[in-house]
Amino acid sequence: MSENEDIQPANDEAFEQHLQEVQALLGRHRLVEDLVRRQDMPRHDLVDGLVHRQNLVELQKKLDTLEAAEIARILEALPHNESVVVWELVKAVRGEDILEELSSDEFRDTLTSEPEQPERKPLMLNAFELHNGRLRQIHIETRSQLAAAKPIWVDLIAPDKEELNWVKQVFGLSLPDPEDLTDLEESARFYIEDESEQIHLHSDFLLDKADESRNVAVAFVLHQGILFSIRNEELPVFRLQRLRARIQPGYVSDGKDVLLDLYAADVEYSADTLEDVYASLEAVGKQVLSTEMTDTEAAKVLAAIAAEEDLNGRIRRNVMDTRRALSFLIRGKFLSKDQQEDARQILRDIESLDGHTAFLFDKINFLMDATVGFININQNKIIKIFSVASVAMLPPTLIASIYGMNFKFMPELEWGHGYPFSLGLMLFSILVPFWYFNKKGWLR
């Protein structure tokens, strides 16, 4: 075997190793992109993502160790979408050298051509039809698709003007701007347009996340038997409703059923969140009722209690808003007999939640008072220590004052051991009060 034949297999083996390492880094990069895409995050957030940047940094470091010829072979071996990622990392510094090493002019042209324009953002407009007693979701991408559908529910998430215009052209309905749904006046939140008999409801739905909790405004319009919902972001209640209506036949029959079930699911979600609040307060309560608590621990407990109080208040506001919406529907006689009974059942569930939120407010106040009490006890301990120290220092101060007098006839003035005697007497006068205080338990 010749020397060149020995070198070639070794080079191929090294190339395969480099290629596998690059593909592994690209695979991690692709996983992050897929995750972010499923979460509907915009691309600039993806680029700013910490894990995303870390993967690209590691890939850049790997490419910096390779020769231009090796990178060229890797580019030719990778799929097009992955080769574009690698090319974007190396073209600024070594692009010309790498292009010279490429064996295919066609591949060179493909690599250096301008990237295609990004696709239009996916439409957040979904229509739901009844099919065999179940909801069937229809993804709407064009106005003609919306016109051809026969929905009982049209759901819009952060729609743009084009999507709102489609609804207006197809159904003759002008939907409100989600940014204008914060007016708490009942006349502005729940009303009916006499001419078109459109029922308008502006409601709050709870969104409870690990890092924050808030109430999200949602606008509902009942028009010609179709429920239109519009909001700025996705909500767990809406996901739950879509899932139930898809898998359970006969779960809904018209737009009003969908609306009532959304309110019912919101009450369920609020109840589940209340259980989480109670569990969190139980954990905090064990810490508060422990035998000892430092000021630092007390500060953390106060912050945790304040967060749960805020969430409990949002739940109460949420169910109160739902009660107002259901009362409006019942008073206006917009519901069938069965739907009215469903609405009353939801109101009964809300009544039970009201009592629970009131109980949690009482528990929160108790824990807050107990925590503040611990802080006061800790402060009193510090003040007691200073008070005891002050009292204990009074006898030596008195002794020092006596020996500071300038009387001619003071026996200890000419005594050789007078100075150490006075110091010992001062020390004794300090120890005796501390012994007495400790015996009485005042230092505990």
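In which crossing does H11 pass H12? Hi everyone, let's start there: the crossing of H11 past H12 is left-handed, meaning that the near helix is turned anticlockwise from the far one by less than a right angle.

A quick word on the model. It is predicted, with local features needing pLDDT of at least 70 and side-chain atom pairs counting only at pLDDT 80 or more, while totals for chains, interfaces and linings use all residues. Residues are numbered from 1 along each chain as its sequence is written, and side-chain values use heavy atoms, leaving out hydrogens and water.

Back to our pair. H11 covers residues 255-288 and H12 covers residues 295-331, and they pack at about 160 degrees with axes 10 Å apart. The two are therefore roughly antiparallel (angle over 145 degrees). Their contact includes 18 nonpolar, seven polar and three charged residues.

Next, H5 (residues 80-101) and H6 (residues 105-112): here the angle is about 105 degrees and the axes are 9 Å apart. That makes H5 roughly perpendicular to H6 (65 to 115 degrees). Among the residues that meet are Trp 87 and Leu 99 in H5, and Phe 107 and Leu 111 in H6. This contact has four nonpolar, four polar and two charged residues.

Ala 245 is buried, at a relative accessible area of 1% (buried is under 20%, with a 1.4 Å probe and protein chains only). Beyond neighbours within four places in sequence, Ala 245 contacts Arg 134, Leu 135, Tyr 251 and Val 252 (heavy atoms within 4.5 Å). Its C-alpha lies 8.4 Å from that of Arg 136, 109 residues apart along the chain.

Conventions: Axes are lines fitted to C-alpha atoms, for helices over the stretch in contact, and angles run from 0 to 180 degrees between N-to-C directions. Helices (H or I, at least four residues) and strands (E, at least two) are DSSP runs, numbered from the N terminus. Angles under 35 degrees count as roughly parallel, over 145 as roughly antiparallel, 65 to 115 as roughly perpendicular and the rest as oblique. Ala, Val, Leu, Ile, Met, Phe, Trp, Tyr, Cys and Pro count as nonpolar, Asp, Glu, Lys and Arg as charged, and the others, Gly among them, as polar. Buried means under 20% relative accessible area, exposed over 50%, partly exposed in between (1.4 Å probe, protein chains only).
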